[in-house]
Amino acid sequence: MTELHPSAFYRDASGQLTVSGMPLAEIAAAHGSPLYVYSGDGIRQDYRRFASALEAVDGTVHFALKSNSALGVIAMLANEGAGADIVSGGELARALAAGVPPKKIVFSGVGKSADEIGAALDAGIGQINAESPQEVDAISQIAAARGVMAPVALRVNVDVAPETHEKISTGQRSTKFGVSISQNEAADLYRRMHADANISPAGLAVHIGSQILDLDPFERAYSALLHFGTSLREEGLPVPILDLGGGIGVDYENGTGTDFTAYGQLVARVFANSGFRLGFEPGRSIVANNGVLLTKVIYIKDGDNKRFVIVDAAMNDLLRPTLYEAHHAIQTIAPGGADIGPADIVGPICETGDYLGRDRMMPELGAGDGLAVMSAGAYGAVMASSYNTRPPAGEVMVLDGVCHVLRQQRTVESLLAEESVPDFS
Ligand SMILES: Cc1ncc(COP(=O)(O)O)c(C=O)c1O
């Protein structure tokens, strides 16, 4: 495999911002704005890097669809051998439509409905991660009605703080996730699963949060999981898999690819000779830095004490800055001039929270100029909405020198066509 540029998005010799050498200006001219552009080459390379960093352990990788569920992205990763980590019946349908083998699908999430559990059992997926006694009972009943055995892993809560943004922390007992391993709650439930005629216990799962940049919380969580799994095995219970979730953080400042080596070494060290099969659910670390949101300037407005760059993408296209105060670098797609001062890059939506970046040093800009909101490949398009009746941006992916349309921008007509008006006459 040829090594790509350290970042999938870089400037060519003339200063044009490109995706793997293809100018973003050309893509914007052909496909419009706003537009998500993914580097398929970069996603593929990062997936391969992840898989090879974990080669030393007996594990399977399930790409977390919640981070980017474009069918084209899932299908490309499935082609690389990836499975899918899903959190809804909708994502189940996506994984199946993209060609992920059912046995390579893991179903996570705290609130799976009866219909979703039924659909997962009908599809014959490999693993359902249950998060409560009530859910275990529901899965058992639904499996009994179908005359099948449900492969169920128990998501446990190991009470480890992941040291990330509060809204993406899932590892502490104060969150809604998992069953606590303290006070026998999880052990009792696992014993119950083992005794259940409709459940085949698949093991244990943990996921402590997302955008975790320090390895220490992973080490503490994995050690607790290993300890707990080992104690269940010592009782004679089958615990085939320890599913380690996702959560590896990325460099939003510079967009450089994540080095998975240290993570792989940590996993190998913690689980050396443990005899557990391992599962991984990376999302962000595979796609975040392999996508940008292209947008163009509509107006420049000089406020009392700041410049507002009003662009045609908004919080309905990329919610992360509004939801998490997340930082995305913003660059001009043409060779940029010298910075002339700070600006807020804002969308047209009627909310003060509708911004893509604040107080950014930017060059002189004018209407029609293209900008790229960097590192937007994860938790970007998947969170889009049609707020203000704005059709969410389309998505394209550049792979092996070809730009593929993954999703057309929706249209106002298609949004209105989903609705009906009662007859008031
Ligand atoms: C259960 C589970 N697995 C995997 C992931 C993916 O996490 P990340 O995108 O941080 O790798 C998430 C994200 O929240 C999750 O909830």
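This is a predicted model: local features need pLDDT of at least 70, side-chain atom pairs count only at pLDDT 80 or more; totals for chains, interfaces and linings use all residues.
Contact, defined as heavy atoms within 4.5 Å, involves 25 residues of domain 1 and 28 residues of domain 2. The size of an interface is often given as the accessible area lost when the parts come together. Here the buried area, meaning the accessible area (1.4 Å probe) that two parts lose on being put together, summed over both, is about 2,200 Å² between domain 1 and domain 2. Carbon and sulfur atoms give 50% of this area. Of the area that domain 1 buries against domain 2, 26% is supplied by N289, N290 and Y379, more than by any other three residues.

One salt bridge is found by the rule across the interface of domain 1 and domain 2, where a salt bridge requires a side-chain nitrogen of Lys or Arg within 4 Å of a carboxyl oxygen of Asp or Glu. D400 and R44 form a salt bridge in which the closest N and O atoms are 2.9 Å apart. R44 also meets D41 in a salt bridge, with an N to O distance of 3.7 Å. R44 and D41 are separated by about one helical turn because they are three residues apart in helix 2 (residues 40–53). The structure as a whole holds 17 salt bridges.

Eleven residue pairs (both at pLDDT 80 or more) are in polar contact across the interface of domain 1 and domain 2. A polar contact is a pair of N or O atoms within 3.5 Å; within protein, one must be able to donate a hydrogen and the other to accept it, and residues adjacent in sequence count only if both atoms are side-chain atoms. On the side of domain 1 that touches domain 2, at least two residues each are supplied by helix 11 (320–324), strand 20 (394–399) and strand 21 (402–407). Helices (H or I, at least four residues) and strands (E, at least two) are DSSP runs, numbered from the N terminus. Strand 20 gives the most to this side, with four residues.

The ligand is surrounded by 14 residues (a heavy atom within 4 Å). The closest are S210, G247, E281, R284 and Y379. A backbone N or O atom of G247 is 2.9 Å from an oxygen atom of the ligand. An N or O atom in the side chain of D85 lies 3.2 Å from a nitrogen atom of the ligand, and one in the side chain of H207 lies 3.4 Å from an oxygen atom of the ligand.

Two backbone features occur in loops. S33 and P34 are joined by a cis peptide bond, with omega about 0°, and P34 is in the loop between helix 1 (24–31) and strand 4 (35–39). N273, although not a glycine, has a positive phi of about 55°, and N273 is placed in the loop between helix 9 (261–271) and strand 13 (277–280).

Notes. Residues are numbered from 1 along each chain as its sequence is written. Side-chain values use heavy atoms; hydrogens and water are left out.
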